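Thanks for making time this morning.

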Amino acid sequence: MEQTNWKRRLLIAMSTAVFIGGTATVAQAAEVKLLNVSYDPTRELYADFNKSFAEYWKKKTGDTVTINQSHGGSGRQARSVIDGLAADVVTLALAADVDAIANNGKLLPVNWEERLPDHSAPYTSTIVFLVRKGNPKNIKDWGDLVRPGIGVITPNPKTSGGARWNYLAGWAWAKKQPGGSDATAKEYIRKLYKNVPVLDTGARGSTTTFVHRGIGDVALSWENEAWLAIKELGPDKVEIVIPSISILAEPSVAVVDKVVLRRGTRAIAEEYLKYLYTPEGQEIAARNYYRPRNAAVAAKHTELFPKLDLVTIKDFGGWTKAQKEHFGDGGIFDQIQTQ
Amino acid sequence: MKIRRAAAGATIAALLPFTGVALAQNAPAGDSNAEIRREIEEQKQRLLILERKLENQQEAATAAAATAPRITASASRFQIGSTDNSNFIRLRGTLHADVRTYGGDSVPEIADTFILRRVRPTIEGTFGGIYDFKFMPDFASGRTAVIDAYPAARFNPGAIVTVGKFKPPVGLERLQSSADIRFIERGLPTNLVPNRDLGVQLSGDFSGGAVSYAVGYFNGVTDGQSSDNLATPDVEVDTAGDYAARLFFQPFANSSNFNLRGLGVGVGTTWVDVDGTAANTALSAYRSPGQQSVFAYRANTATGVTPNNATFADGTRLRLAPQFYYYRGSFGLLGEYTQVEQDVSRLVGGVTRSDTLTNSAWQAQFSWFLTGEEEAFRGYTPGSTFQPGKSGSGGWELVARYHELDIDDDAFLGGATSFANPLTAVSKATAYGVGVNWYPWNTVKLSLNYELTEFEGGATTGDRADEQALLSRFAINF
């Protein structure tokens, strides 16, 4: 009798485990879902890219994949991932925000940049000026932005990756002026932000402020966002001004290891990011006004991406140094805000 | 948003003429119209900037609210959870302070008592909208016991897996929460069904709750008992587990026919092949509505080397519990019949007697909210609350019930070799109960019950004297 009961209990325990596991497995197999946590201006890019990748994945594996998107200021998005937003992949505005996820959230290794080509930045962009049609305030270069009465629209560097690129591009210009130094650059940045009437949390918010709300005379903008504004509003409303110097903005992408491990989505998440480097992925980036890394694809779109003098983040000692020095608590941005 | 922008635009439009006039009046001679237009444009920009800042603040507030934890502290609920409510922890509690007094001769005066019937702080919650848990200890009557403790996974409404300690799915009134039962003590049928037990259960609802089912496998407990009352609490003691199942229908639950919406019918059952022993009988005593022990199988009376002669369970135990309820407006009716078929044995004088005994009980219970509130199987909400100096009387409810317990006559056959002693154990109990409940607040209930119970047998001569029990309770349930 005891043996019979033992067997019966074992059977029930196994049945329960199989039921729980089986139900969970069935639920997961019903639809493969990925969450891409990205920054503000990439909505259109990834809407386009996700459609292409889903078709590619279906053709390759027969599986259906649904990619959900989350957008916001890059710094804020990184914070959300650290706080528990289950991103399979992050596609953020700059490496510093992915570093934050690696260092503060411990969700991926610190050497994440080495896992994909071009230190995990499959496309680039730069910072340009978006001005009103006819450039009524005659804004041609960075020096014009600190003239009295000029309204400059740029987001908050504390929450926006694009804003940090804007800031650093301006800093680079100031330092390259005759007699330029860290002190003169800091003074330039102070004056620049004095002319900023609204600090939005992200680049898309700034575009809304400038383009749709009609505030300010010039918006410091991602190149792709500026093209998008022209496409949306028409060339009779706003136009692009290319400054004498700008910065090579390198948005970074990474698989979030702890999330894909938990969700069992590593293979597809890795494939998703690798697809960004394929000719198809690069073409999608280019037609959404991001500068492709692939030279052949870039050659087809030269009219969109004029050559200009670009500094890089290396000129600031890398993101770790730049982040701490300029945007960390008590950094230069905090200092000029309290002055 | 469009409305606000339109309003701002209208404000600007309204201000512009005045601005222009003011500027024109204060402008030195010779100022150009271009200067006035510039001033106007600057004013317009300021307004737009203020509007945009306000817009950003509102967006930030909305975003913050979307991720902020939601704390609820209402008249009946205390919990903290995520905004989407898929993760929360709720603090609950049950405190029942009773007074029991008895008239007549059946119960000694010493039984009159104050008693803390339930002292149960409870934590329950949900993670991910799927995984539930409950932990409910009890500190009443000078002991500490875990009453409910289980995790559960709600894969979908039709498939909920629960593992741990909880109520097996059998008796209707037993399955009703202690906060919701209409009488202070449950009726006689509850004597025959399990209370709490450890096991695993698969349950769920279909067709929007019209069909409910539960199947489970449990360690097994004796009639009316909880596994924490065992000699070795909360462990398996007889090597045989109970299979339990319940099917319940509310055929009109989603119907537009309000006359029948509150109708539910079903049946619960347990089955086990149990091997008790004279030392571990696997049999229970039964209690009266006044919570006095009125029936027990014979205990061991042997001394010295004579073998233990207690009656013990020895084979199949099958419980069947057809049940129903019907609620319509302020009226409620609950009924259940419970039967337990139990193989028993007793070794007396070297001879083992065995038999299959069938004990049964049933009840019909009526409830009526005098103050018009809706009667329901679960929960109650008084239409008004009572606070001194303010209007509102709270909810008032009258209750009445009739219930019986009938012991198999064969239990008393055989004189000294009988399974139960007819001189101490009653063969039948018939009880009439009435009561009033007052709900001055959502979480507060004061009850007064009177139960008259008549017995057959259970006395040296004639029948055990009627039990007249006056029970009262001050309850907090949240």
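Let me begin with a term: two residues are said to be in contact if their C-beta atoms, placed from the backbone, lie within 7 Å. Please also keep in mind throughout that what you see is a predicted model.

With that term in hand, we can start with chain B, where, among contacts between residues at least 6 apart in sequence, 62% join residues at least 24 apart. Chain B has three helices and 20 strands, and of its 478 residues, 33% are buried.

Turning to chain A, which residues have the most contacts inside the largest nonpolar core? They are Val89(A), Val90(A), Ile101(A), Leu130(A), Ala254(A) and Val256(A), in a core that has 93 residues. Helix 6 of chain A, residues 161–175, gives the largest share of this core, namely nine residues. Domain 1 (31–121 + 250–299) and domain 2 (125–249 + 308–338) of chain A both contribute residues, and therefore the core lies between them. If we pick out Ala254(A) and leave aside its neighbours within four places in sequence, we find it in contact with Val89(A), Val90(A), Val98(A), Leu108(A), Trp112(A) and Ser120(A). There is also a second, separate core of 36 residues, which includes Ala282(B), Ala321(B), Ala425(B) and Ala431(B).

Next, a pair of helices in chain A. Helix 4 (residues 95–103) packs with helix 14 (residues 319–327) at an angle of about 90°, their axes being 9 Å apart, and because angles from 65 to 115 degrees count as roughly perpendicular, that is how helix 4 of chain A stands to helix 14 of chain A. On the helix 4 side the residues that meet the partner are Ala95(A), Ala96(A) and Asp99(A), and on the helix 14 side they are Trp319(A), Thr320(A) and Gln323(A). By class, this contact has three nonpolar, two polar and one charged residues.

Finally, two further helices of chain A. In helix 9, residues 223–233, the buried residues include Trp227(A) and Leu228(A), and what covers the buried residues of this helix includes helix 2, strand 4, helix 8, strand 6 and strand 7 of chain A. Helix 9 is followed by Gly234(A), whose phi is positive, near 95°. In helix 12, residues 279–287, Gly281(A), Gln282(A), Ile284(A), Ala285(A) and Ala286(A) are buried, and the buried residues of helix 12 pack against helix 2, strand 4, helix 11, strand 10 and helix 13 of chain A. Just after helix 12, Tyr289(A) takes a positive phi of about 75°.

Key. Residues are numbered from 1 along each chain as its sequence is written. Chains are lettered from A and ligands numbered from 1 in the order in which they are written. This is a predicted model: local features need pLDDT of at least 70, side-chain atom pairs count only at pLDDT 80 or more; totals for chains, interfaces and linings use all residues. A residue is buried if 20 or more other C-beta atoms lie within 10 Å of its own, exposed if 12 or fewer, and partly exposed in between; C-beta atoms are placed from the backbone. Helices (H or I, at least four residues) and strands (E, at least two) are DSSP runs, numbered from the N terminus. Axes are lines fitted to C-alpha atoms, for helices over the stretch in contact, and angles run from 0 to 180 degrees between N-to-C directions. Angles under 35 degrees count as roughly parallel, over 145 as roughly antiparallel, 65 to 115 as roughly perpendicular and the rest as oblique. Ala, Val, Leu, Ile, Met, Phe, Trp, Tyr, Cys and Pro count as nonpolar, Asp, Glu, Lys and Arg as charged, and the others, Gly among them, as polar. A nonpolar core is a set of buried Ala, Val, Leu, Ile, Met, Phe, Trp, Tyr and Cys residues joined through C-beta atoms within 7 Å. Domain bounds come from an automatic or database domain assignment.
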